[in-house]
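I opened this entry to look up the nonpolar packing and the aromatic pairs. My notes follow the model.

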Amino acid sequence: MSVPATGRAPAARPRPDTTPTAEPRARFRHLLTAEWIALWSLRSSHWVLWAGAALVSGINVNSALSNARWLADMPEPPPGLEQGARPEFLFDPLTSAFTTPAWQILMVIAGSLGAMAVFGEYTTGQIRTTFAAVPDRRAVVAAKASVLAAVTLALGTVVTAVSFGVTQWILRDHDGLSVTSPGALRAVAASALLAPLCALVGLALGALIRHAAGSVAAVVGVLVLLPTLFLGETYRWVKEIGNAMPFNAWNALVENPARDHAPQKYPVSPTEAWTVFGVWALVAVTVAVVVTDRRDV
């Protein structure tokens, strides 16, 4: 090698840094965005939400129309009959907005959507890619739960607003209620929150079962069929278990306090019913996080 006239060797060029740089950690908002895209990328999500909202609202509206025709065709009572003895005064307009079959369907729809958010990735194998990109499984499940709760809360709010608003307008000449009537706001809030509660329960069942048919069957069994086994009042422990079910708690919250109801031996108070809502949601999220974090993919 030739040496310059100065007698000094040329300075060596700096070598490029070959140290690998760590991948930036995914922030929670990025996980929320990913779960939002994953949910709406499924055509079934659109169909389930739109068809479910129309079906539940339609059942309630049809109930109000039937009751309005029944009350309109009722003959005038004879003079001297006490008001409380007239059938129309025994009619509760709140029941038209919150008919049992309609809201049971909403529970199944929301629960199935929650289960689908989990078992869909397991059945396709996409869950491996998800956890490879984001090793923090608890954060992934928390993002799923947050997106599900937000979407189903919007679903429950829309269905509740349409059901209550339209049915009470139809029954405006038959003691239709406003949102400021006794018990109406509580019933509206409970019905709106029922959807995200069931979605979180479905999320936990999907994480436990990881199979499409089994998860949906478990949603129907836990949310709809199981409460019917604990309706008796012969034994207090049976009734108390029934009171701790989401559907029975919802029933207690949508009762009109201004109307006389058949006395129950072991009634559930509104405070206890709201507690049931909170406990079920908390336990469902905890189960989904723990099961997903500890079980193999």
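This is a predicted model: local features need pLDDT of at least 70, side-chain atom pairs count only at pLDDT 80 or more; totals for chains, interfaces and linings use all residues.

I took buried to mean under 20% relative accessible area, exposed over 50% and partly exposed in between, with a 1.4 Å probe and protein chains only. Residues are numbered from 1 along each chain as its sequence is written, and side-chain values use heavy atoms, without hydrogens and water.

**Aromatic pairs**

I paired rings of Phe, Tyr and Trp (its six-membered ring) with centres within 6.5 Å; planes under 30 degrees apart are stacked, over 60 edge-to-face, the rest tilted. The count came to 6 aromatic pairs. Phe-98 and Phe-164 are stacked, at 6.5 Å centre to centre and 25° between the planes. Phe-98 sits in the loop between helix H4 (94-97) and helix H5 (100-124), and Phe-164 in helix H7 (residues 137-170), 66 residues apart. Helices here are DSSP runs of H or I, at least four residues, numbered from the N terminus.

Why does Phe-98 count as buried? Its relative accessibility is 6%. Phe-164 is buried too, at 8%.

**Cores**

I defined a nonpolar core as buried Ala, Val, Leu, Ile, Met, Phe, Trp, Tyr and Cys residues joined through side-chain atoms within 4.5 Å. The largest has 69 residues; Phe-98, Phe-164 and Leu-203 are among those touching the most other members. Helix H8 (residues 184-209) gives the largest share, 15 residues. A second, separate core has 8 residues, including Leu-71 and Ile-170.

Terms used
Helices (H or I, at least four residues) and strands (E, at least two) are DSSP runs, numbered from the N terminus.
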